[in-house]
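Dear colleague,

Please find the structure below, together with its sequence. My notes on what was found in it follow.

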Amino acid sequence: MAKRLIPLLNRVLVQKITPPSKTTAGILLPEKTNKLNSGKVVAVGPGSHDREGKLVPVSVKEGDTVLLPEYGGTEVKLGEKEYHLYRDEDILGTLHE
């Protein structure tokens, strides 16, 4: 049975990206080099309402790679996969190549 989580309000569902622990040549990398805390946006909520009742949309979209805070978010397990829920304002930025 496949489950699909659709976040409410200004929440963003993120799957954290685990950096490689060794290079293509097989050299093991120390844990300190794998410190960039990033993730891929899986789903976004519709946004939140301001004081006038207008909908303020979420600033990221599905498929974006985002920079995450070191702490925070709510861990969610769907089947075998692990995700994290963040508020839109908790996301630090988007990463581009």
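The side chains of Lys61 and Asp64 form a salt bridge, with 3.2 Å between N and O; a salt bridge here is a side-chain nitrogen of Lys or Arg within 4 Å of a carboxyl oxygen of Asp or Glu. The count by this rule comes to one salt bridge. Lys61 counts as exposed because its relative accessibility is 54%, whereas Asp64 is buried, at a relative accessible area of 16%. Buried means under 20% relative accessible area, exposed over 50%, and partly exposed in between, with a 1.4 Å probe and protein chains only. The C-alpha atom of Asp64 is separated by 8.7 Å from that of His96, which is 32 residues away along the chain. His96 lies in the segment after β8 and is exposed, with a relative accessible area of 69%.

Please note that this is a predicted model, in which local features need pLDDT of at least 70 and side-chain atom pairs count only at pLDDT 80 or more, while totals for chains, interfaces and linings use all residues. Residues are numbered from 1 along each chain as its sequence is written, and side-chain values use heavy atoms, with hydrogens and water left out.

Asp88 presents another case of a charged residue. It is buried yet has no salt bridge, and the nearest side chain of opposite charge, that of Arg87, is 10 Å away. Asp88 is placed in the loop between β7 (81-87) and β8 (93-94). Not counting residues up to four places away in sequence, Asp88 touches Asn10, Val12, Pro57, Val58, Ser59 and Val60, where contact means heavy atoms within 4.5 Å.

As to the fold, the protein has zero helices and eight strands. Both are DSSP runs numbered from the N terminus: helices are H or I of at least four residues, and strands are E of at least two. Six strands form an open sheet in the order β6-β7-β1-β2-β5-β8, with antiparallel pairing. β6 (74-78) and β8 stand at the edges with a single partner strand each, so one side of each has no neighbour in the sheet. Two strands pair if DSSP finds at least two bridges between them.

β6 and β7 are joined in the antiparallel sense by five bridges. Val76 has Tyr83 in β7 as its bridge partner, and Thr74 stands opposite Leu85 in β7. The hairpin of β6 and β7 has two residues between the strands, and Gly79 there takes a positive phi near 70°.

The largest nonpolar core has nine residues: Val12, Val14, Val41, Val58, Val60, Val66, Leu68, Tyr86 and Ile91. Such a core is a set of buried Ala, Val, Leu, Ile, Met, Phe, Trp, Tyr and Cys residues joined through side-chain atoms within 4.5 Å. A second, separate core of five residues includes Ala43, Val76, Tyr83 and Leu85.

Finally, 26% of the 97 residues of the protein count as buried. Of the contacts with a separation of 6 or more, 63% are between residues 24 or more positions apart.

With kind regards

Conventions. Lys and Arg count as positive and Asp and Glu as negative; His and the chain ends are not counted.
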